[in-house]
Amino acid sequence: MTQHHEPALDRIRALPSWLLNRAAGRGRRLLGEAFAHEGLRMPHHAVLAAVADIGPVAQAGLVRETGFDPKDMVGILNDLQRARLVTRTPDPDDRRKNVIALTAEGRDCLGRLAQLGDEANRALLAALTPAEREQFVELLARVAEEREEGPVG
């Protein structure tokens, strides 16, 4: 007697991890396209937001806050400084450190990026009703929380 098996690829495509990865990829693409209008990428936005929230801040503090590799942070800050969105000056208390601060142009740009990000996220979740969007974001936040799982069974 032959058993009917679900095609392996169909099974994979139904996995939550597969679907989350696909949705995340679509979200990154939408945000990337939106931020490109400002000549920036998602890491630029994250660093600008961190500087706005905690700045003026030491470069090492930005690395800790954002989780970016220190070498990558140097490139991101070079881009932002070149665009006159942040300043990078020696720390008066420790000249070996740099203090990063948002410029007025940087604050304006961050506002535009927030609007572009909101539009991209609305496009990402356009297939859902407003109530579904709210529930989806709540559920995703729970799934995204890092928790140590106890033993099963």
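Student: Where is the place of His44?

Tutor: His44 sits in helix H3. Helices here are DSSP runs of H or I with at least four residues, strands are E runs of at least two, and both are numbered from the N terminus. Keep in mind that this is a predicted model, where local features need pLDDT of at least 70, side-chain atom pairs count only at pLDDT 80 or more, and totals for chains, interfaces and linings use all residues. Residues are numbered from 1 along each chain as its sequence is written, and side-chain values use heavy atoms, with hydrogens and water left out.

Student: OK, is His44 buried or exposed?

Tutor: His44 is buried, with a relative accessible area of 2%. Buried means under 20% relative accessible area, exposed means over 50%, and partly exposed is in between, using a 1.4 Å probe and protein chains only.

Student: And what is His44 in contact with?

Tutor: Ile76, Asp79 and Leu80, if you leave aside neighbours within four places in sequence. Contact means heavy atoms within 4.5 Å.

Student: Let's switch to the sheet. What order do the strands have?

Tutor: The order is E1-E3-E2, in an open sheet of three strands with antiparallel pairing. Strands E1 (57-58) and E2 (86-91) stand at the edges with a single partner strand each, so one side of each has no neighbour in the sheet. Two strands count as paired if DSSP finds at least two bridges between them.

Student: What holds paired strands together in general?

Tutor: Strands of a sheet pair through backbone hydrogen bonds, either parallel or antiparallel.

Student: How many bridges are there between E2 and E3?

Tutor: Six, with E2 and E3 (residues 94-102) pairing in the antiparallel sense. A hairpin of two residues joins E2 to E3.

Student: How many bridges join E1 to E3?

Tutor: Two bridges, and E1 and E3 run antiparallel. Look for Val57, which stands opposite Ile100 in E3.

Student: Which strands does helix H3 touch?

Tutor: H3 (residues 42-54) packs on the sheet and touches E1, E2 and E3. The direction of H3 makes about 100° with that of E3. For such angles, axes are lines fitted to C-alpha atoms, for helices over the stretch in contact, and the angles run from 0 to 180 degrees between N-to-C directions.

Student: What's going on at Gly55 and Pro56?

Tutor: A cis peptide bond joins them, with omega at about -10°. Pro56 is in the loop between H3 and E1.

Student: What is the phi of Arg84?

Tutor: It's positive, about 65°, although Arg84 is not a glycine. Most residues other than glycine have a negative phi, and most peptide bonds are trans. Arg84 is in the loop between helix H5 (70-82) and E2, and Arg84 is exposed, with a relative accessible area of 58%.

Student: New topic: which residues of H4 are buried?

Tutor: Gln59, Gly61, Leu62 and Val63. The cover over them includes H3, E1, H5, E2 and E3. Gln59 is in H4 (residues 59-66), and its relative accessible area is 16%.

Student: What does Gln59 touch?

Tutor: Not counting residues up to four places away in sequence, Gln59 touches Met73, Val74, Leu77, Arg88, Asn98 and Ile100.

Student: Zooming out, how many helices and strands are in the chain?

Tutor: Seven helices and three strands. From the N terminus on, they run α-α-α-β-α-α-β-β-α-α. The radius of gyration is 21 Å, well over the 15 Å that the globule rule gives for 153 residues, so the chain is more spread out than a compact globule. That radius is taken over C-alpha atoms, and the globule rule is 2.2 Å times the number of residues to the power 0.38.

Student: What share of the chain's residues is buried?

Tutor: Buried residues make up 24% of the 153 residues.
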